[in-house]
Amino acid sequence: MPFSAVLLDLDGTLLDTIPDLANASNAMRMELGLAPLSQDTIASYVGKGTENLVLRTLSNNPDGSVPTADDIKQGLEIFGRHYHAVNGEQAAVYPGVVQGLEAFKAAGVKMAVVTNKPTEFTLPLLERAGLAHFFEHVVCGDTCARKKPHPMPLLHACELMQADPQGALAIGDSINDALAARAAGMTVLAVPYGYNEGMDVRTLEVDDIVMSISEAAQWAFRQQTNNNP
Ligand SMILES: O=C(O)COP(=O)(O)O
Ligand SMILES: [Mg+2]
């Protein structure tokens with residue numbers, strides 16, 4: 001295994017969190033007198049953290065008015081209350097995730113989650129999904145001064161794991177993961193089943209697209225064979 005560390009994105013990569021995120025977003029909209037949005041629309045707002053989700057969700061209104069800082073603050077408070085109540089209820093582990101994580105673990109690779117989701121939602125969700133035990137570290141949207149697409153959270157995870165970023169593999173579903181990993185000098189794989197802000201994953205600048213985390217592990221093992229014929 002040529003990689004000493006694997007950094008995995010959460011929403012859209014390990015877990016399908018859209019049903020719970022949509023329920024909380026629409027409960028927030030209802031409280032504010034706005035009609036619900038489709039899950040697909042809400043999925044296209046996921047990837048740059050909760051503040052951005054609330055901003056985009058409140059910007060989708062009949063008069064097209066831009067939410068003020070106070071609107072966002074109020075929206076975050078309402079969203080947070082609802083999301084805490086439903087977080088993990090319908091979240092589903094994607095096929096191949098557990099097998100892939102087990103394969104990396106068996107090879108002695110250190111693993112961390114690097115997500116833009118805030119810590120208060122991430123840690124209970126990983127526990128509830130039964131995935132927490134795989135990871136040495138969890139870097140969340142509020143852990144560092146900057147979120148993905150900035151490289152800071154990925155570099156911070158490497159520092160925590162004492163891993164060289166050049167020998168690390170990042171796996172994600174969106175442009176935020178691809179840009180952050182490239183800027184951090186890492187190898188990066190994308191999965192096509194996630195959200196990517198409504199865009200085709202084939203537009204991403206990544207080393208490869210893999211169909212699952214299990215396939216990502218196989219891909220990583222193949223690099224070893226390619227490097228040491
Ligand atoms: O919270 C988000 O917007 C997305 O989180 P992710 O970085 O795990 O995809
Ligand atoms: Mg994601």
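Which residues does alanine 170 touch, not counting those up to four places away in sequence? The views below get there by way of the ligand. This is a predicted model, where local features need pLDDT of at least 70, side-chain atom pairs count only at pLDDT 80 or more, and totals for chains, interfaces and linings use all residues. Residues are numbered from 1 along each chain as its sequence is written, with chains lettered from A and ligands numbered from 1 in the order in which they are written.

**View 1. The shell around ligand 1.** Of the 15 residues around ligand 1 (C-beta atom, placed from the backbone, within 6 Å), Leu10, Asp11, Thr115, Asn116 and Lys117 come nearest. Domain 1 (5-16 + 92-227) and domain 2 (18-86) both supply shell residues, so the ligand sits between them; the bounds come from an automatic or database domain assignment.

View 2. Aspartate 9 has 28 C-beta neighbours inside 10 Å, so it counts as buried (the cut-off is 20 or more). Beyond four places in sequence, aspartate 9 touches Val114, Thr115, Ile171, Gly172, Asp173 and Asp177 (C-beta atoms, placed from the backbone, within 7 Å).

**View 3. Alanine 170 and its contacts.** Here's the answer to the opening question: alanine 170 touches Leu7, Leu154, Asp177, Ala181, Met186 and Val188, again leaving out residues up to four places away in sequence.

Key
A residue is buried if 20 or more other C-beta atoms lie within 10 Å of its own, exposed if 12 or fewer, and partly exposed in between; C-beta atoms are placed from the backbone. Two residues are in contact if their C-beta atoms, placed from the backbone, lie within 7 Å.
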